[in-house]
Amino acid sequence: VTGKFNDDLESEEEFLEKYEEKDYKKPSVTTSLVCITWPNDVIDYTPELLLIERKKHPYKGCIALPGGFLNVGPNRIKQGESLEECVIRETFEEAGILVLEEQLSQVYAFGKPGRDPRTRVIDIVYFAHITQDQAAMIKAGDDAAKAGWHLASRLKNYNFAFDHADAIKMAFKRANIYLP
């Protein structure tokens, strides 16, 4: 590189040593999973959706997608888990369902200010279609009071936490699944 861009050349290592993380405010990041299965794996029927009942505030007692906060590491070398690792871990902790990474498709990032009353949170939503064998492993845990399979055709009756109703609609739209 030549010219005026060459004046302050420093190595990336030197730049990173001077970099001040505190100079930039950071939002929290969560992942959520829109997880479906079909009864007996027959696609002619309405799919069932994995939902939890929240055990804790905010939205205590409301219905939600399984999900939670991304584990962030202590420094720039050990940065923590990937988004996929987070959604797999959270789904297992809250619902006992082990989803495989190859079953995941990223749907959308929800980041509207105020979507979570605790702090600024960006939620990365994933979609997965799982087998009946995987679905049978359901068991509520962690901060889920209950976990269960719910007919997608009856979702209008639920009081959803956060913007999870919008996340479900977006996931079903992207998967070309009609919601009555």
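**The segment after helix 4**

Asn176 lies in the segment after helix 4, where helices (H or I, at least four residues) and strands (E, at least two) are DSSP runs numbered from the N terminus. Phi of Asn176 is near 55 degrees, a positive value in a residue other than glycine. Most residues other than glycine have a negative phi, and most peptide bonds are trans. Asn176 is exposed, with a relative accessible area of 71%; buried means under 20%, exposed over 50%, and partly exposed in between (1.4 Å probe, protein chains only).

The model is predicted: local features need pLDDT of at least 70, side-chain atom pairs count only at pLDDT 80 or more, and totals for chains, interfaces and linings use all residues. Residues are numbered from 1 along each chain as its sequence is written, and side-chain values use heavy atoms, with hydrogens and water left out.

**Helix 4**

Helix 4 covers residues 164–174, and its buried residues are His164, Ala167, Ile168, Ala171 and Phe172. These residues cover an arc of only 125 degrees around the axis, which puts them on the same side of helix 4; the arc is that of the directions from the helix axis to the C-beta atoms. An α-helix has 3.6 residues a turn, so residues three or four places apart point the same way.

The buried residues pack against strand 1 (28–37), strand 2 (48–54), strand 3 (63–64), strand 5 (105–110) and strand 6 (121–129), with contact meaning heavy atoms within 4.5 Å. On the face turned away from the buried side are the exposed residues Lys169, Lys173 and Arg174.

**The second largest pocket**

The second largest pocket has a volume of about 250 Å³. A pocket is an open set of points on a 1 Å grid over the protein atoms alone, where a 1.4 Å probe fits, with protein on both sides within 12 Å along at least five of seven lines; lining residues have an atom within 4 Å of a point. Grid points are joined across faces, edges and corners, and a volume is the space filled by probe spheres set on the points.

This pocket is lined by 25 residues, of which Arg54, Gly67, Gly68, Arg118 and Phe162 lie nearest its centre. Strand 1, strand 2, strand 4 (67–69), helix 2 (83–95) and strand 6 each supply at least two lining residues. By class, the lining has eight nonpolar, seven polar and 10 charged residues; Ala, Val, Leu, Ile, Met, Phe, Trp, Tyr, Cys and Pro count as nonpolar, Asp, Glu, Lys and Arg as charged, and the others, Gly among them, as polar.

**Arg118 and its contacts**

Arg118 sits in the loop between strand 5 and strand 6 and is partly exposed, at 41% relative accessible area. Not counting residues up to four places away in sequence, Arg118 touches Arg54, Pro58, Phe69 and Phe162. Its side chain makes a polar contact with the side chain of Asp116 at 2.6 Å. Such a contact is a pair of N or O atoms within 3.5 Å; within protein, one must be able to donate a hydrogen and the other to accept it, and residues adjacent in sequence count only if both atoms are side-chain atoms.

The peptide bond from His57 to Pro58 is cis, with omega near 0 degrees, and Pro58 is in the loop between strand 2 and strand 3. Phe162, in the loop between strand 7 (144–151) and helix 4, has a positive phi near 50 degrees and is buried at 16% relative accessibility.
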